[in-house]
Amino acid sequence: MPRMSLDLTFIGTGNAFAAGGLCWNGFVANERYLFEAPPTALMSLNRAGIDPNVVEAVVLSHHHGDHFLGLPFLLLHWKHRGRETPVTIVGPPETERLTREIGETVYPGLFESEFGIEWREVAAGDSATVGDLALEAVQVEHDDRLSLNLGYRARLDGIRFGYTGDTRRCEAVLDLARGAQVLVSECASRDTPIPVHMNLVDDIPEVHAAMASTSRLVLTHVTPEVETELPRTVVAKDYETYRF
Ligand SMILES: [Zn+2]
């Protein structure tokens, strides 16, 4: 029998400024699907005891550096540390071009490898399936100068979960909240209004109110001051695993 549970292991929970020494935000679903590739991704996977070579997919929300610039290190590991199976990289348009440009610049020869990369660039409303992870991309409101800003509606082992990526509070986020059994939401500060982000005081109560009464909310992309007593809500901690 499949286990019908969702394990989310946070390889980092910090926002772009990594205040308090938090690692930049990212998490692994059921030890196989990595959401975001923050600069510390490889170090954090190693520290969390997750073999980077068993990561089947990397799912990117957008191309800000705290979400994306860890990919060259992952590719370096996969090239030199025995990866034999293909990896799928899911992300907004321009993901392949940017990764190749940056990766080849900082590690020449990075893409002369054997294991194979499947690039899956997605736009709003597109679906993608990798192994037993089903994804639907959702457009959120963050930085219009990037190619696209995505959140994801996902299903894994029978559990529906959502991930907001980085975004201001918008209808797409509330819609994600309504449909998810588990929602991983950015919460970039406690009460400081940060443009095109959500904060704990002004935004998260609205997101929480949109969720079903049995659903769970996980806050990430935080600062150390973010603490909450909202029911069925947890502020993710670096290297912790949460089972749903
Ligand atoms: Zn961002």
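Author: A donor is an N, O or S atom within 2.8 Å of the metal, a limit that applies to metals other than Na, K and Ca. The model shown here is predicted.

Reader: Which residues coordinate the zinc ion?

Author: The coordinating atoms lie at 2.2 to 2.4 Å from the zinc ion. Along the chain, the donors follow the spacing H-x1-H-x77-H-x23-D. The residues are His62 (NE2), His64 (ND1), His142 (NE2) and Asp166 (OD).

Reader: What is the geometry of the site of the zinc ion, given its four donor atoms?

Author: Ideal angles for four tetrahedral donors are 109.5 degrees. To count as tetrahedral, four donors need all angles between 85 and 135 degrees. Here the angles among the four donor atoms run from 90 to 166°. The site of the zinc ion is therefore classed as irregular.

Reader: Is His62 buried or exposed?

Author: A residue counts as buried under 20% relative accessible area. For His62 the relative accessible area is 1%, so His62 is buried.

Reader: How many residues of the contact of H1 with H3 are nonpolar?

Author: From H1, the residues Ala41, Leu42 and Leu45 take part, and they meet Phe73, Leu74 and His77 of H3. Among the residues of this contact, one is polar and no residue is charged. The number of nonpolar residues is five.

Reader: What separation is found between the C-alpha atoms of Thr88 and His64?

Author: Thr88 belongs to strand E5, residues 87-91, and counts as buried at 9% relative accessibility. Along the chain, Thr88 and His64 are 24 residues apart. Their C-alpha atoms are separated by 20 Å.

Reader: Where is Thr13 found?

Author: Thr13 is buried, with a relative accessible area of 1%. Beyond residues up to four places away in sequence, Thr13 touches several others, including Trp24, His221 and Asp238. Its place is the loop between strand E1 (7-12) and strand E2 (26-29).

Definitions and conventions. Residues numbered from 1 in each chain as written. Predicted model: local features only at pLDDT ≥ 70, side-chain atom pairs only at ≥ 80, totals over all residues. Heavy atoms only, no water. Donors = N, O, S within 2.8 Å, 3.2 Å for Na, K, Ca; no water. Tetrahedral: all angles 85-135°; square planar, octahedral: opposite > 155°, others 65-115°. Buried < 20%, exposed > 50% of the residue type's maximum accessible area, 1.4 Å probe, protein only. Contact = heavy atoms within 4.5 Å. Helix = DSSP H or I, 4+ residues; strand = E, 2+ residues; numbered from the N terminus. Nonpolar A, V, L, I, M, F, W, Y, C, P; charged D, E, K, R; others polar.
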